[in-house]
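User: I would like to go through this structure with you, one local feature at a time. Please keep the answers brief.

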Amino acid sequence: MTLVAGVDSSTQSCKVVIRDAESGELVRQGRAPHPDGTEVDPRAWWEALQAAIAQAGGLDDVAAVAIGGQQHGMVCLDGSGEVVRPALLWNDTRSAGAAADLVEEFGGGETGRRAWAEAVGSVPLASFTVTKLRWLARHEPELAARAAAVCLPHDWLTWRLGGAGGLDALRTDRGDASGTGYWSPATGGYRFDLLEAAFGRRLAVPEVLGPAERAGALPTGAPLGPGTGDNAAAALGVGALPGDVVVSIGTSGTVFSVADKPTADASGLVAGFADATGRFLPLVCTLNAARVLDAAAAMLRVDLDELARLALAAPAGADGLVLVPYLEGERTPNRPLATGAVHGLTLRTSTAAHLARAAVEGMLCALADGLDALVAQGVAVNRIILVGGGARSEAVRRIAPEIFGCPVLVPPPGEYVADGAARQAAWVALGGEAPPAWSTGQERAYEAPAVPLVREQYARARDLVTNRTAEE
C-alpha cells in the first residue's frame, strides 16, 4: 500500500490525514488546535503541524505530502527567512481602508473595480493579501522595511517541511496565488506592478507550480506537492467537476464552482480564483457561517443539536423574524464594519425556536446571495454539494433546499480540505494526467420546495444594515 499525507492548516486547527494513494482509504489521522485571533505567529502553525503529524503516526512511511491552507494570510519574511510580524489572517478587517484606497487609485468606483477584476480576477477586499501589504506599509513602516518576501500560510509550511532554505525555495500553486491580489489566473503570472503599487516596492514571492509539480522533499526524500488554498483543496477533496457548486460552511462560508474559464466580476462579489487542477474556481466568501450557529446556540444556552431541533420546530420564515448574520463585519457584501441585526421581533416571534430558525435561515440566505452572484457570472449549477462543519446540522441540511431552490447533496462528514491535499499528494506520488479517482462515500440528497418568502424578507432586512463606522 502506497501512503500519502494531506494537511489542512485552517484558521482554527491543523488536521493531518494519511490515506492510501490509490483508493483514498483513510489509514490514520491527527489534529491540533490553532490559537484564536485574526493575527497569529506562524510558529504556532508549525507547532500544531508537528503535533498533528505525531498524532497521525508520523510521515516516515508516506510517499508524498501536500498542504492545504487558509487563504490570503500575509506572512512576511526578512532576508534571512525570519518572520517579520504575526501573520494577518483572511478575517482581519483592519485593511478595509487600504482596499478602498487601492480601488480609488486605479480610477475609483466602477472603473477601479473593473481594472482590478480584469488584472487579477478579483476586486481588493480587506481579506486579500495585497490590501494587508498596503496596511503594513502605511501603519508599520519599520516592520515593512524589514520585509524581503511575502508568502501565504501553506507556502510557509511547505517551505518549512522541506527544510526551509533561501527565499528562492518558496513555492506555491495557482489556487492560493490567485487569492493574493497580485497574481492573475487568466495569464498565469504575477502582477508585480500591483504588488509595488500596494507596498511601495517589490518583494520576493513564491514560484507558482503546476498542479502536480514537486515543491521540495521531506528528509526521507518523499516529495512535497505544491499544496493549495483551502477552498481549492476542498473542491479536490469532494471531486467537484464543472457544473458542481460547493457550499462550504466553516469559520467562513464559501460558495464556489469549478469552471473551465476565468471570471472577472467588477462588482467584487465573485473572486476569480484558480483551482488545484488547472481549471478555475469562481468563489464567493462570507465572513459569517458556522459561528452564526455557535452564537445562536450560546444565546439560547443549548448545544448545536438542540439548536437544529428548535429551528425545525419553527415555520419557514420564522413568522417574519429575520437575523442578518454580520456578526464579524462582512466581506460579501463588502461591509467590514457592519454588525448583525434581528428584525421582526414581536411577542409571537420571541421564542427560542423562532430565533434558532432565523439564525439558520439568515446564514443560508447570505450564502444564497453568493450563489446568485455566481449564476450572474455565467456559472452553471448542476448540483449543490454541502460540506463543512455547519453541514452536520440537520436543520441546515433540511432548510438549505428551501433557500437555494434546488436539491442539495451532502457527502459523509469528512476533512475535505485535508483529503483534497492528500489527493494532490497521491497525484504527485503516482503521476498521471489527473489526480486518482477517490470516492467520498454515499451522499444524502435533500429536497424541499423553494420558499421565496424567506429570501424576500431577508433581502429587505439585509438592505437596512449599513457599513457603520465606530463614530456612527
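Predicted model: local features only at pLDDT ≥ 70, side-chain atom pairs only at ≥ 80, totals over all residues.

User: Which residues of H11 are buried?
Analyst: Leu307, Ala308, Leu310 and Ala311 are the buried residues of H11. Buried means under 20% relative accessible area, exposed over 50% and partly exposed in between, with a 1.4 Å probe and protein chains only. Helices (H or I, at least four residues) and strands (E, at least two) are DSSP runs, numbered from the N terminus.

User: Why do they line one face of the helix?
Analyst: Seen down the axis of H11, the buried residues fall within an arc of 165 degrees, so they line one face; the arc is that of the directions from the helix axis to the C-beta atoms. The face turned away from that buried side carries the exposed residues Asp305 and Ala313.

User: What covers the buried residues of H11?
Analyst: The cover includes helix H10 (290–300), H12 and helix H13 (394–404).

User: At what angle do H11 and H12 pack?
Analyst: H11 (residues 304–313) and H12 (residues 352–376) pack at about 100 degrees, with their axes 7 Å apart. That makes H11 roughly perpendicular to H12. Axes are lines fitted to C-alpha atoms, for helices over the stretch in contact, and angles run from 0 to 180 degrees between N-to-C directions. Angles under 35 degrees count as roughly parallel, over 145 as roughly antiparallel, 65 to 115 as roughly perpendicular and the rest as oblique.

User: And which residues meet there?
Analyst: From H11, Leu307, Leu310, Ala311 and Leu312 meet Ala352, Ala353, Ala356, Arg357 and Val360 of H12. Contact means heavy atoms within 4.5 Å.

User: Turning to the loop between H10 and H11, is Arg301 buried or exposed?
Analyst: Arg301, which is in that loop, is exposed, with a relative accessible area of 79%. Arg301 has a positive phi of about 60 degrees although it is not a glycine.

User: What about His72, buried or exposed?
Analyst: His72 is buried, with a relative accessible area of 3%. Its place is in the loop between strand S5 (62–69) and strand S6 (75–77), and His72 too is a non-glycine residue with a positive phi, about 75 degrees.

User: Where is there a cis peptide bond?
Analyst: A cis peptide bond joins Thr332 and Pro333, with omega about 0 degrees. Pro333 is found in the loop between strand S20 (322–324) and S21.

User: New topic: why is H6 largely enclosed by the rest of the structure?
Analyst: Eight of the nine residues of helix H6 (residues 153–161) are buried, so the helix is largely enclosed. Among the buried residues are Trp156, Leu157 and Trp159. Gly163, which follows H6, has a positive phi near 95 degrees.

User: Lastly, what does Arg171 touch?
Analyst: Not counting residues up to four places away in sequence, Arg171 touches Asp155, Pro206, Glu207, Leu209 and Ala215. Arg171 lies in strand S9 (residues 171–173).

Definitions and conventions:
Residues numbered from 1 in each chain as written. Heavy atoms only, no water.
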